[in-house]
Each structure stands twice: as structure tokens, then as C-alpha cells.
Amino acid sequence: MIYPPINDLLEKAEDKYTLAVLVAKRARQLVMGDKKLVNTDSDNPVVIAINEIDQGKVSFERTKVGIK
């Protein structure tokens, strides 16, 4: 079983594509040297990013609506 469940994570993002970009962006920041915002046993940046999003430490803000 995957923890946290994908349905819980999707409540924090608009859709699965936004969630994927959010996780990838945060994981890249962790690889570049940013500090972890949560306590976790894992050293995997993707797992850390997912846990940060699940705990509400990382979020996103939509800056534009639609394509022009």
C-alpha cells in the first residue's frame, strides 16, 4: 500500500498532473540542497516531497487561468 494514499494527495492539488509537477519541483529543490520540512526516515527526495505535500508544508498557487 502506498502511503500517503493518492486520493489524499489529490485533495491538495487540482489534478494528478499538477501534483506530479509539484512533487517533481520540490524534489528537485531538495536535490539542490533545500532543507527537509518534515521528519522522515527516507533520504529519497521524491518520498520527502510527497510527505511534505501531504502534511501541508508545500503547496502551490495558480498564477494564470486558461491559455490565451
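The discussion below sets values against definitions.

Mentor: This is a predicted model, in which local features need pLDDT of at least 70 and side-chain atom pairs count only at pLDDT 80 or more, while totals for chains, interfaces and linings use all residues. Residues are numbered from 1 along each chain as its sequence is written, and side-chain values use heavy atoms, with hydrogens and water left out.

Trainee: Why does Val23 count as buried?

Mentor: Buried means under 20% relative accessible area, exposed over 50%, and partly exposed in between, with a 1.4 Å probe and protein chains only. Val23 has 11% relative accessibility, so Val23 counts as buried.

Trainee: What makes Arg26 buried or exposed?

Mentor: The relative accessibility of Arg26 is 7%, and therefore Arg26 counts as buried. Contact means heavy atoms within 4.5 Å; not counting residues up to four places away in sequence, Arg26 touches Asp34, Lys35, Leu37, Ala49, Glu52 and Val58.

Trainee: At what angle do H2 and helix H3 pack, and what does that make H2 relative to H3?

Mentor: H2 and helix H3 (residues 45-54) pack at about 120°, with their axes 8 Å apart. That makes H2 oblique to H3, because angles under 35 degrees count as roughly parallel, over 145 as roughly antiparallel, 65 to 115 as roughly perpendicular and the rest as oblique.

Trainee: How do the residues of the contact of H2 with H3 divide?

Mentor: Among the residues that meet are Val23 and Arg26 in H2, and Ala49 and Glu52 in H3. The residues of this contact comprise 12 nonpolar, no polar and two charged.

Definitions and conventions
Axes are lines fitted to C-alpha atoms, for helices over the stretch in contact, and angles run from 0 to 180 degrees between N-to-C directions. Helices (H or I, at least four residues) and strands (E, at least two) are DSSP runs, numbered from the N terminus. Ala, Val, Leu, Ile, Met, Phe, Trp, Tyr, Cys and Pro count as nonpolar, Asp, Glu, Lys and Arg as charged, and the others, Gly among them, as polar.
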